[in-house]
Amino acid sequence: MNQVVKDFACILIVFGFCALFVYGAVGGSWPSELGVQPGKGDQNKLLTDTEFTERFESWAALVAAVSLVCSLGWYVLGEWGPRSKSTGGGWLFAWIGLLLVVLLAVIVAFFWGPPASENGWVLDGFFAAIGLFFFYVATALFSPTNTKYVVPGSTVLRKGW
Amino acid sequence: MSNFVVGIGGSGAKLMQALIHLGAAGMMPAHRTEVTGLLVDPDESNGNVLDCLSLEKAYQDCRRQLKVGKTDLFAADISLTGPWTPLVDPKVDTLKKIFHYNQLAATDSEEAQLMDLFFERQELDLSVIKGFRGRPAIGAAVFANSVDFGKPGVWKEFRSSIKTSSTASAPHVLFAGSVFGGSGAAGLPTLSRLLSNHLKGDVTNARFGLILFLPFFQFQQVEGEAVQADPASFPMATAEALKYYDDQNFLQICNSIYAVGEEFPAEMSVPAVGAKEQRNEAHFIELVAGMGAIRFFDDKLQSADSLAVAAREKDSTLTWNDLPTDGQMKKANILQLQARLQQLAVFAVAYHYIFYPEIQDALQSPGAATKGYWRDLIVRKGVNPQEAQVPLAAADAYAVLFLEWLLQLSTPRRGGFYPGLVNPNVFAKSQGMDWTLKLLRDFQPDTIKNLLKNRPKSRIDYRTIDNRASRANVKDDDAQGPGLLVRALYDACAVD
């Protein structure tokens, strides 16, 4: 099978796990289990559990989508963009740029996402995991050949492909 | 199983260069990849000979330092000795001195009278230290006087090698040189006859071949030289020489004779009578002759009493399909043979202009290097980057020599010729008829897709080569160390 098709499939599988993670968090009410209490909503009204969960799901999906788009964008850029030079310095900046986009989505989710009255940092952790962790895993393990060792740590993580 | 080549004079040395490149491309017959070469030239410092020796050294450096495994790259086992010169003492450099003319003349001997009969006074006093200046009669006398197969030295060793190899299989002994100049015209018939006669007794299975270079270049007259080869006399000298080969029944001595020439001679950029100044550019005729040598070496392609004629389709160019091959070869095999040279051409360009600069960057900052081939084949394999430096530089040194050769083949100094094998603009630039390799900063990697011309299949591009290199997975235990990297990069340049 063509390497590009394989890599795309692997990236989609990574984000399949991301979706499962979001689904598990929403379905299993993991934030509540970890002590997150809904905060006050738009009209200074305390959110119900259902409203809180819906908001959490939407923002988690948004962060995951940004992470997926950035991961695919990184792949497209690496595969069809300019060829990397021996030290790949420019490419590292490009990757950090995309990482910052994902981070921005996570920060936006912190401030605009579901309000929590207690243990809000747990939600922050969820968004960071959904955005940054899956972006890192997808790009470190399944970057195109041209940029496969640009992502920090990929030289350790990638072996044999 | 050995092949033997005696390259006589400048043209013989240039054929040897072509054979080294064809050997580097893996074009020697699979079962006969060993070539033992001997250069013969009275002018030891002849530029063509020196170039040939430099090339052989660069080739040997690659073979010795790079374990590339079982592949076409650097496949031929080529060794070269010489140049052997018939002049024992550089001070004894004229016919008069070599044959002790003055002593002979003092006694009014027949030998002195014969010398007066056959040679002009000017020729008797001519120093042959820079070659025979287009006077084969002088050279023939000098060669015949100095070759001694019984005396320890080059010829005895060469003869012994032929004899030793004859026990395993038939040795193929090829003589190459020009028929219109001095050294080749004198040495070809003399040395081939001497050696074949000498081997007759104890090597019965040897096959002899000749490559006769007919005129394919010309040059301006060299100022201040009273005796020198005259290009205007080349056609006449050639006609006489061919008549001589026929009269002397060389087809009885030799199993194959390849005569190659060019109707539109190329102008050599620097005319010189000899020494290091005589550094004639490579010409595609030498590649054509090299294809003849490959045919001669291949004992599966031998057919008795046959005449093969090869010519190119258009005068104005030379394409891959114009490279002559044996009529018995199947189309697929011919394409495979062409593909080997094409792959070496792509590799040389990619290695010199793309990979090697990246390798140098990686050597300077090993921790920051991110190219897949470097991390996977050097860092991950535990190869010490500093130890890899010299072998990887050797591959680059060879690549440059190959590119210069390829450039000269593609741009003969004559009007109305356009390159049909490769596009020289990819890796070289011109100023009028003078071409030079591009500097690294002038090279555009994306143009590599335009390198190979007149090929039946799809083009190979930079992206494909770079991706293949970074995905390299060489399954060959014999490819090791920096050789594994060079092998992977070579494999990445495979043409369809």
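1. A word on conventions. Residues are numbered from 1 along each chain as its sequence is written, with chains lettered from A and ligands numbered from 1 in the order in which they are written. As the model is predicted, local features need pLDDT of at least 70 and side-chain atom pairs count only at pLDDT 80 or more, while totals for chains, interfaces and linings use all residues.

2. Chain A has six helices and two strands, taken as DSSP runs (helices H or I, at least four residues; strands E, at least two) numbered from the N terminus. Their order along the sequence is α-α-β-α-α-β-α-α.

3. The C-alpha trace of chain A spans about 55 × 30 × 25 Å along its principal axes. Chain A has 161 residues, and 39% of them count as buried, that is, with 20 or more other C-beta atoms within 10 Å of their own, C-beta atoms being placed from the backbone.

4. Among chain A contacts (C-beta atoms, placed from the backbone, within 7 Å) with a separation of 6 or more, 79% join residues 24 or more positions apart.

5. Chain B is assigned domain 1 (2–89 + 130–310), domain 2 (94–127) and domain 3 (335–492), with bounds from an automatic or database domain assignment. In chain B, the C-alpha centres of domains 1 and 2 are 29 Å apart. Nine residues of domain 1 of chain B contact seven of domain 2 of chain B; the domain 1 side comprises six nonpolar, one polar and two charged residues.

Note on methods
Two residues are in contact if their C-beta atoms, placed from the backbone, lie within 7 Å. Ala, Val, Leu, Ile, Met, Phe, Trp, Tyr, Cys and Pro count as nonpolar, Asp, Glu, Lys and Arg as charged, and the others, Gly among them, as polar. A residue is buried if 20 or more other C-beta atoms lie within 10 Å of its own, exposed if 12 or fewer, and partly exposed in between; C-beta atoms are placed from the backbone.
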